[in-house]
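Hello,

Here is the structure I said I would send. Please have it open while you read the notes below it.

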Amino acid sequence: MPQQFVPGTKIEYDGKKGMFSLFQPLIKATDGLTLGQVCTITGLEASTIQNWVKRGFVARPVNKKYRERQLARILLISSLRDCMKIDNIGELMKAVNGNANDESDDIISEERLYDMFCEILSETDYRPNDTNNIEEVVKKVTASSDITDKNAYKRLNTALTVMVLTFIASEYKRQADGFLEKLLEE
């Protein structure tokens, strides 16, 4: 299997659960991350992140600092953007947590959503296996949440299934691009 990275980043993947906890000490120590730091972690261009903020896909930074909420959303979007249109990602994120600038309409925190996403990927070994298996892993991971609204719980499960399948498709696309590159070099 090719080198794995923490989803949405350029940081090597170590297979642990609770991926977002890697970033929390840095965010707390610096009272938020600068745009440059977020770019270094994600490998994204500053203009890309600023565009996502401008379009309402990511909550506005506070005093030019990105906190847990914003970073988690950026990591999720970055993880999905290779195989899903940005507008569709925005709609997917909205289905789970509504307006990016309003926490009151969230089903679950962005950080927990990102951790669930990473945990599901870890348990599926980044392979689709079959859709039923992924749906079962999603249910297993979300069972520990305290979401009591059945419709919200169902939206969360469906959104996570879409995210995982999209991420896996991105992994296959990267592999295919690598094979194509080798073929063209021959």
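Glutamate 123 has a relative accessible area of 25%, so it counts as partly exposed (buried means under 20% relative accessible area, exposed over 50%, and partly exposed in between, with a 1.4 Å probe and protein chains only). Its side chain meets that of lysine 140 in a salt bridge, at 2.8 Å from N to O; a salt bridge here is a side-chain nitrogen of Lys or Arg within 4 Å of a carboxyl oxygen of Asp or Glu. The pair links distant parts of the chain, with lysine 140 in helix 7 and glutamate 123 in helix 6, 17 residues apart. Helices are DSSP runs (H or I, at least four residues), numbered from the N terminus. Lysine 140 is exposed, at a relative accessible area of 54%.

Two points on the origin of these values. This is a predicted model, in which local features need pLDDT of at least 70 and side-chain atom pairs count only at pLDDT 80 or more, while totals for chains, interfaces and linings use all residues. Residues are numbered from 1 along each chain as its sequence is written, and side-chain values use heavy atoms, with hydrogens and water left out.

The structure holds 10 salt bridges. Another of them joins the side chains of arginine 69 and aspartate 106, at 2.6 Å from N to O. This pair also links distant parts of the chain: arginine 69 is in helix 4 and aspartate 106 in the loop between helix 5 and helix 6, 37 residues apart. Arginine 69 counts as buried because its relative accessibility is 11%.

Within helix 8, arginine 174 and glutamate 171 lie 3 residues apart, about one turn of the helix. Their side chains form a salt bridge of 2.7 Å, N to O. Glutamate 171 is buried, with a relative accessible area of 12%, whereas arginine 174 is partly exposed at 39%. Salt bridges that share partners join Asp82, Glu171 and Arg174 into one network.

Next, the nonpolar core. The largest one has 51 residues, of which Tyr114, Phe117, Leu156, Leu160 and Met163 touch the most other members. Such a core is a set of buried Ala, Val, Leu, Ile, Met, Phe, Trp, Tyr and Cys residues joined through side-chain atoms within 4.5 Å. Helices 2, 3, 4, 5, 6, 7 and 8 each give two or more residues to this core, and helix 8 gives the most, with 8 residues. Leucine 156 touches Val96, Ile107, Ile108, Leu113, Met116, Thr142 and Ile147, not counting residues up to four places away in sequence; contact means heavy atoms within 4.5 Å.

Which residues of helix 3 are buried? In this helix (residues 46-54) they are Thr48, Ile49, Trp52 and Val53. Seen down the helix axis, the buried residues fall within an arc of 140 degrees, so they line one face; the arc is that of the directions from the axis to the C-beta atoms. They pack against helix 2 (35-42), helix 4 (68-80) and helix 5 (86-97). Ser47 and Lys54, on the other side of helix 3, are exposed. Glycine 56 follows the helix and has a positive phi, near 85 degrees.

Finally, leucine 183 lies in helix 8 (residues 150-185) and counts as exposed, at 53% relative accessibility.

Regards
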